[in-house]
Structures are given as C-alpha cells and as structure tokens.
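Please have the structure open while reading.

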Amino acid sequence: MEKKELETNIPVAEEVAEPVAEISATQEPAFDDAMQKAKEEEAREAKIQADKALPPDPEAILEVRHLKKYFTLKKTLMGKPISTLKAVDDVSFIVKPGETLGIVGESGCGKTTMGRTILKLHQPTDGQIFFEGKDIAGYTPKEMRALRTKMQIVFQDPYSSLPPRSTVGGILAEPVKVHKIVPKAEIKDYVLQIMEQCGLRDYYYERYPHEFSGGQRQRICIARALTVDPKLVVCDEPVSALDVSIQAQIINLLKKIQEERKLTYLFISHDLSVVKYISDKIGVMYLGSMVEFGNKDDIFENPMHPYTNALFSAVPNPNPDEKVQRILLKGDIPSPANPPMGCKFHTRCPRAMEICKHITPEYKEYGNGHFVACHACEQES
C-alpha cells in the first residue's frame, strides 16, 4: 500500500507544477515609467524638429503642426514654472479652402482654447500655424492686425459678445472703419447689405443688442464677422446657447453664407448631430490631444477610438425600434494639469490594457487620412 501511494503522488506533483510555469510565462513585462517618459519626450522633440523643416501644404488654407498651449499655474520666486495646465498638447491637422472641420469633445478638452490660439487670441506655447502658407505662430500683434480681416471668430455666447451700449449699426460699422473696407460714404449701405445677407431687417440698424432674441443676436455676431470679408471663420459653439429650432436656422445660414462666399470653417461643438450636418472633416479631442481625425463619413461609419465610440453611443436615436448599446465611461475626465501616464484615456477606457498605462500610443494613419491614437487599434490592424 505504501508503494502505490508513493506512485500516485508523483504525477499529482507534476500536474501542479505545470500551471505555475504557465502563469509566470504570461506575466506582463515591467515598465520603467521614468525611462519611457524621457524616451517619448525625446522622440516627440525629434519629430517636431523634423517637421519644422518641411514646407507647408500648398493646398491648405490652414495647417497646424504640433500646436501647444500651456498655462502656468504656479511659479517659483524667480519666475520658473512649477506646474502647468496643458490645454492644447501637440495637435496637428490640415484644412483646405472651402472645407468645414468639426472639432468635438467633452467640455474642458481644449476645443475653444485651440480655436483662439489659432487666431492668436492666445499666444501659442509651441508649434506652427500656417495660414495661406505663412507661419503666423510667432507674429506680433502689429503683424497680426493685417490678418484680422482674413481670420474671424463667432463666439459661443451671443449675449456677452456684443457691446450693450452700441447700436447694431455701430457694432457692424466699427470693423469696416478700422480696416477701411469701403470708403466712409459707403459704410452704411455696405453694412445694410451684410445685414440683409444674414437675415436682419434694415430697421435693426438703430437698435441695441438687448432688444433682440438669442437667435437674432447670433445673426448680428455672424454679420460682424462677415463685415471684413474673411476667408477663415472659427465658429466656437455658435448654436449651443440657442433653442433647437433656432439652431437649425443658424446652421442653415452658416452653410448658405459658406457657399456664397467660399468660406472655410473651423466649427467647434459638442453636438455630434450638428457637426455631422455641417462638417467635411472631424477631429475628436480628449484632454488637449487629438485622438481621432478623418473624413466625416469615415468617422461616423467606422469610429475606431474607444472615446469616439462612447461619444457616438450617447447620441439619441430617433428610431424607437433600434436599440443602441450605450457605452458608459466610468469616472471623471482627469485634470489637464496632471494628465495620467501613457494614454490619457486609459483611466476611463473599457478596452484599456497594461501597455496603455505606461506608453503613449502613436498618432498614426489607418488609410484615407483616418488618424487614430490607440494601442487597441494597433493590435487589431
């Protein structure tokens, strides 16, 4: 009996040893975060320097390369920054004349800051901004004044963006006088012509902003942008403060004006249905970075980044028979002042892997100008 028991115990010991060997073989490799961060910064800087030597795209009216906008939160006594808020962190894209680029993302992702930095309302921390082939990133306010007639903005809030003590005629005539668009004797006729194009009655000329509704005020803001005959207009959530029915009117007005004047739009919004209607290309931002970029049809038919999929799942479906599986993101968006290591989205991503916590994914093209920054997409391709 003792001999048989000894024989049966030998194979049992061998069976226990095999799974232990398998577990040790599948363990994740250790990551040196400090070394990886230094390596990524070195590679990023090398890429920035290499791209600086490239000429601007001859077909683009606006080309942004590695744009950064950091705000200093704390300084030492000597004025050296201790902590910074990375509002826009290494963003690149191209817009051709007559196109509309829609920028979407959660509140606080850096959409508005990026738009204002492109217009030099904020001085960029680093990067290049090519407008009509010229790098304007280092332009002084005096040099930018000549470009103000070519680059305009429509602000989000139609209430606070209009001076309350000026009439509509005074508001619209001021940029015409400053930039000498038309002779002094023709200013009123020119302004009335712009007002008619924007759906404003001629008797509004002597009225004040507080006498108008939100939709009418936004039409005044659009008219003010058009008075200097721009080529690029940054629309910073121009319909988010309006009722749905008024939103449709303003969007249709913007499309009509774009066709008549051959304008190029940078349309910033968090409403995906509006962006889908007006845009030709779409960029998805998260925590100051561009995580996906491509043509409208490619983005909506084949969203690749998990964050883009989560945004699209939140869009209400008008068909009650079609059930859409909602992707719920856990947790809050991290602070841009202290972004997480690796992929910035890994703290909320349902497809996060161990590599996502340590290594920043490469922003790369997956065909037809469709760019994505995601480790999961790399493994699937």
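1. Leu287 is placed in the loop between S9 and S10; helices (H or I, at least four residues) and strands (E, at least two) are DSSP runs, numbered from the N terminus. Leu287 has a positive phi of about 55° although it is not a glycine. Most residues other than glycine have a negative phi. Leu287 counts as buried, at 2% relative accessibility; buried means under 20% relative accessible area, exposed over 50%, and partly exposed in between (1.4 Å probe, protein chains only).

2. A word on the source. The model is predicted, and local features need pLDDT of at least 70, side-chain atom pairs count only at pLDDT 80 or more, while totals for chains, interfaces and linings use all residues. Residues are numbered from 1 along each chain as its sequence is written, and side-chain values use heavy atoms, with hydrogens and water left out.

3. Lys120 is another residue to look at. Its phi is near 65°, a positive value in a residue other than glycine. Lys120 lies in the loop between helix H3 (111-118) and strand S4 (126-131). With a relative accessibility of 9%, Lys120 counts as buried.

4. Which order do the eight strands of the open sheet have? The order is S6-S7-S8-S3-S9-S10-S12-S11, and the pairing is mixed; two strands pair if DSSP finds at least two bridges between them. Strand S6 (151-154) and strand S11 (363-365) stand at the edges with a single partner strand each, so one side of each has no neighbour in the sheet. On average, neighbouring strands of this sheet are turned by 20° against each other, direction ignored. Axes here are lines fitted to C-alpha atoms, for helices over the stretch in contact, and angles run from 0 to 180 degrees between N-to-C directions.

5. Glu365 stands opposite Phe371 in S12.

6. Two helices pack on the sheet. Helix H8 (residues 244-261) touches strand S3 (100-104), strand S7 (232-236) and strand S8 (264-268), and its direction makes about 160° with that of S8. Helix H11 (residues 306-313) touches strand S9 (281-286) and strand S10 (289-295), and its direction makes about 105° with that of S9. Contact means heavy atoms within 4.5 Å.

7. Strand S3 deserves a separate point. Five of its five residues are buried. In a regular strand the side chains alternate between the two faces of the sheet. Thr100, Gly102 and Val104 on one side of S3, and Leu101 and Ile103 on the other, are all buried. S3 runs parallel to S8, joined by four bridges, and Leu101 has Leu266 in S8 as its bridge partner. S3 and S9 also pair in the parallel sense, over four bridges; here Ile103 has Gly283 in S9 as its bridge partner.

8. Ile250 is found in helix H8. Is Ile250 buried or exposed? Ile250 is buried, with a relative accessible area of 0%. Leaving out residues up to four places away in sequence, Ile250 touches Gly215, Gln218, Arg219, Ile222, Val239 and Leu242.

9. On a 1 Å grid over the protein atoms alone, a cavity is a set of points where a 1.4 Å probe fits but cannot get out, and a pocket is an open set with protein on both sides within 12 Å along at least five of seven lines; lining residues have an atom within 4 Å of a point. Grid points are joined across faces, edges and corners, and a volume is the space filled by probe spheres set on the points. By this rule there is one cavity of 30 Å³ or more. The largest cavity has a volume of about 70 Å³, and its lining includes His305, Cys343, His346, Cys349 and Cys374.

10. The second largest pocket has a volume of about 400 Å³. Of the 16 residues that line this pocket, Gln152, Ile153, Phe155, Pro175 and Arg224 are the closest to its centre. The elements that give two or more residues to the lining are S6, helix H5 (168-178) and helix H7 (214-226). H5 gives the most, with four residues.
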